[in-house]
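Have a look first, then read on.

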Amino acid sequence: MRYLPLTDADRRAMLSTIGVASIDALFADVPKAAWLDRPVDLPPHQGELEVERTLGRMAAKNLPAGSAPFFIGAGAYRHHVPAAVDHLIQRGEFLTSYTPYQPEIAQGTLQYLFEFQTQVALLTGMDVANASMYDGSTACTEAVLMANRVTQRSRALLSGGLHPHYRDIVATHARLAGFTADMAPPDVAGDEDLSALIDERTSCVVVQNPGFFGRLCDLRALAEAAHKKGALLVVAVTEAVSLGAVQPPGAMGADIVVAEGQSIGNALNFGGPYVGLFATRDRFVRQMPGRLVGETVDVDGKRGWVLTLSTREQHIRREKATSNICTNAGLCALAFTIHLSLLGEDGLRRLARLNHARAVELADALAAVPGVTVLNDSFFNEFTVRLPVPAAPVVEALAARFILGGVPVSRLYPDAPTLADLLLVAATETTTTEDIDRFARALREVL
Amino acid sequence: MSELKFSKDHEWVRVDGDVATVGITDYAQTQLGDVVYVELPAVGKQVEQDKEAAIVESVKAASEVYAPLSGEVIAINNELADAPGIVNEAPTEDGWFFKLRIKDAKQLDSLMDEAAYTAYVEGLA
């Protein structure tokens, strides 16, 4: 479908049909004081060459993730995206289509979403997954809202190992939607005991694995403690590649699993668009938010796909819908599905092992830098180090040496002075030994 | 078997002593089409006349089911969880939704008898 702008003749015909003399006349009800009586304050138009030069100058002020040793993670990871992914998602049928509102004519879209759901359910170890949400953080909030509905309770307990942005978004919804979100303090040591805080009013416990500070945890005891009090266990995963190496949350008793899917098939994209994964148990499916594709057969018995359980959704249930999100992150979900299909099960496992191996190499290199302590006793591809000085200026000094040396925890916890010396660092399959050497060398110089 | 009473929202009621069995009418199930899911109230819940008590979903719509009388839910039809199609097959028999202990028998006067309900439905056509 092409976008064809209107011609002057089209406009005249439309105006004459509705009996209005001019387009300005359509705005007659807008008070004159609100009209802009001069041109919009923007520089004059430029030719393509000038625009390229101007934007090129502006872009050169960045230190792009792809052109420097890069150790930034904290919820967004630099991974290699095969060229085939970008090539395939740019097919017009995929690139320009929105979430299916007239679903049955878009069998191709429904089919890839069905494949996506299947992959997400397998990865997370759950029964059923939806057709994706905006990103991991909003999916996490949707999980809390869903747990509130399932349990008919309104008190969520959030781990100190949950990404601070995820916590913030839950807190915003809590304030406006009228439920309580109890926040455990930042859990650097990995020794928080949430089990003791769960009671009969708790709708869910929300944890992250690997945690924000990088640690891996066995969630089975926590799942049991939550279930004993009638609460649900929500597990968030911010690094989807970890699911190739770490036991899936579904195998540890999770009731809802949410994840950020950016790591698979999607570039950093300056922070978005990303793709939220959302999976749960069969028995909760009617309380699940989001679109859901199901497999069926047509009148001739041929395999086909439909949007199913739509009665949960806004266009049918109005204010009683399970969510006010009635869309999905279709193109990012497609990229995820294509990349994961190219990797295959074995490929994902190998990718995950490679990520972990790179992070181990990085941890060894940084631990050898005088004054630097690696805090984790376990990690996947990201961990926390304690520096002898505040981390934020160190990261700035590293950037001046063209090294993107991780995320200072103070950036996400600005009001916690005890965390100011902590630095989160990540490695992926894109990290080379040379990158690690340069980072360790530069850190020695800076400290 | 006592006669059925009907509400304007297309629920039926069958009274036996102080217990009322509630379901949706044949007209309602025809309008909805194939019923795929029924969400029933918890046993012990107090429901109020004309307030939402259950939800019935067909392949294309979801509708609230209102309590035709006030009272306490004393039983629900668990058969509907696995076989919601019973609502289409036998709406006023095996397809019942829940049973109430009637709080105020006077509310029965606000319901229609079969002849009045039939006329009411014809008026909707």
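**Cores, domains and chains**

Q: In this predicted model, which residues touch the most other members of the largest nonpolar core?
A: The largest nonpolar core counts 119 residues. The ones touching the most other members are A:Val205, A:Val206, A:Leu233, A:Val234 and A:Val258.

Q: Which element gives the most to this core?
A: Nonpolar side chains tend to be buried together in soluble globular proteins. For this core, the top giver supplies 13 residues, and that element is α10(A).

Q: Where does this core lie relative to domain 1 and domain 2 of chain A?
A: Domain 1 of chain A is made of 67-80 + 344-446, and domain 2 covers 83-339. Both give residues to the core, so its place is between them.

Q: Which residues does A:Val234 touch, leaving out those up to four places away in sequence?
A: Contact here is judged by C-beta atoms lying within 7 Å. On that basis the partners of A:Val234 are A:Ala143, A:Val144, A:Ala147, A:Cys204, A:Val205, A:Val206, A:Asp255, A:Ile256 and A:Val258.

Q: How many residues does the second, separate core have?
A: Its members include B:Ala28, B:Val35, B:Ala53 and B:Phe97. The size of this second core is 29 residues.

Q: Which element gives the largest share of the side of domain 1 of chain A that touches domain 2 of chain A?
A: The contact draws 26 residues from domain 1 of chain A and 22 residues from domain 2 of chain A. On the domain 1 side, α10 (330-367) and β11 (382-386) of chain A are the elements giving two or more residues. The largest share, seven residues, belongs to α10(A).

Q: How many residues on that domain 1 side are nonpolar?
A: Sorted by class, the side of domain 1 of chain A that touches domain 2 of chain A has four charged and eight polar residues. The nonpolar ones number 14.

Q: How many residues on the side of chain A that touches chain B are charged?
A: Chain A and chain B put in four residues each. On the chain A side, one is nonpolar and one is polar. The charged count is two.

Q: Does α2(A) lie largely in the open or is it buried, and how many of its residues are buried?
A: Helix α2 of chain A runs over residues 48-59 and reaches 16 Å from first C-alpha to last, close to the 16 Å expected. It lies largely in the open, because of its 12 residues the number buried is zero.

Q: What is the radius of gyration of chain A?
A: Chain A has 13 helices and 13 strands, and its C-alpha atoms fill a box of roughly 80 × 60 × 50 Å. The globule rule gives 22 Å for 447 residues, and the chain comes close to that, so it is as compact as a globular protein of that length. Its value is 25 Å.

Q: And what is the radius of gyration of chain B?
A: Chain B has four helices and nine strands, and its C-alpha trace spans about 35 × 35 × 25 Å. A compact globule of 125 residues would come out near 14 Å, which agrees with the value for chain B, 13 Å.

Terms used:
Residues numbered from 1 in each chain as written. Chains lettered and ligands numbered in written order. Predicted model: local features only at pLDDT ≥ 70, side-chain atom pairs only at ≥ 80, totals over all residues. Rg over C-alpha atoms; globule rule 2.2 N^0.38 Å. Contact = placed C-beta atoms within 7 Å. Nonpolar A, V, L, I, M, F, W, Y, C, P; charged D, E, K, R; others polar. Core = buried A, V, L, I, M, F, W, Y, C linked by C-beta atoms within 7 Å. Buried ≥ 20, exposed ≤ 12 C-beta atoms within 10 Å, placed from the backbone. Domains from an automatic or database assignment. Expected span 1.5 Å × (residues − 1).
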